[in-house]
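I open these notebook entries with a request to keep the sequence and the structure in view. My entries follow in the order in which I looked things up.

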Amino acid sequence: MTDYKEMLKLLSAEADAEGAVLLKNDGMLPLAPGDRLAIFGRGQFVHYKSGTGSGGKVNVEYSTSLYDGLKSLGADVNDELADVYRAWLADNPY
């Protein structure tokens with residue numbers, strides 16, 4: 001029998017494989033230079049960095065939102081739509 005750490009490693013790999021979601025790419029990716037993106041919902045700015053249960057608060061060194069990550073890569077994100085969500089979040093915080 002393998003040791004405890006090896007068992008955890010195998011279990012983790014199995015959970016990763018079973019939890020993966022594959023999407024069919026019908027020619028949308030990769031994005032071409034100049035393609036414009038629209039990101040919908042509060043998740044573009046606000047996201048969970050951990051679980052939400054009783055032990056879910058985790059301190060992380062850094063975190064990047066979807067919006068900031070795409071912008072840092074030079075993506076042409078629809079800022080007008082993003083501003084609509086920013087205004088909505090100001091009036092509808094968690």
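For the entries on contacts, I take a contact to mean heavy atoms within 4.5 Å. I note at the outset that the model is predicted.

Entry 1, overall fold. I counted three helices and two strands in the protein. Read along the sequence, I find the pattern α-β-α-β-α. Of the 94 residues, 13% count as buried. I looked up the contacts with a separation of 6 or more, and 62% of them join residues 24 or more positions apart. For the accessible surface I recorded about 8000 Å², with 57% of this area belonging to carbon and sulfur atoms.

I located N78 in the loop between strand 2 (76-77) and helix 3 (79-91). Is N78 buried or exposed? I record N78 as buried, because its relative accessible area is 19% and the cut-off for buried is under 20%. The side chain of N78 reaches the backbone nitrogen of E80 at 3.1 Å. Leaving aside the neighbours within four places in sequence, I find N78 in contact with R36, L37 and A38.

From R36 I turned to its charged partner. The side chains of R36 and D76 form a salt bridge, with 3.7 Å from N to O. R36 lies in strand 1 and D76 in strand 2, so this pair ties together parts that are 40 residues apart in sequence. I note R36 as exposed at 53% relative accessibility, whereas D76 is partly exposed at 36%.

K24 is exposed at 74% relative accessible area, and D26 is exposed at 62%.

I found a nonpolar surface patch of about 350 Å² made by Y4, L8 and L11. Y4 belongs to helix 1 (residues 4-19) and counts as exposed at 60% relative accessibility. Lastly, I placed S63 in the loop between strand 1 (36-37) and helix 2 (66-72). S63 is partly exposed, with a relative accessible area of 35%. The C-alpha atoms of S63 and H47 are separated by 9.3 Å, the two residues being 16 residues apart along the chain.

Conventions. Residues numbered from 1 in each chain as written. Predicted model: local features only at pLDDT ≥ 70, side-chain atom pairs only at ≥ 80, totals over all residues. Heavy atoms only, no water. Helix = DSSP H or I, 4+ residues; strand = E, 2+ residues; numbered from the N terminus. Buried < 20%, exposed > 50% of the residue type's maximum accessible area, 1.4 Å probe, protein only. Polar contact = N/O pair within 3.5 Å; in protein donor to acceptor, adjacent residues only side chain to side chain. Patch = residues over 30% accessible without salt bridge, like charges linked within 9 Å, V, L, I, M, F, W, Y side chains within 5 Å. Areas by Shrake-Rupley, 256 points an atom, 1.4 Å probe, with all protein chains shown as cover. Salt bridge = Lys/Arg side-chain N within 4 Å of Asp/Glu carboxyl O.
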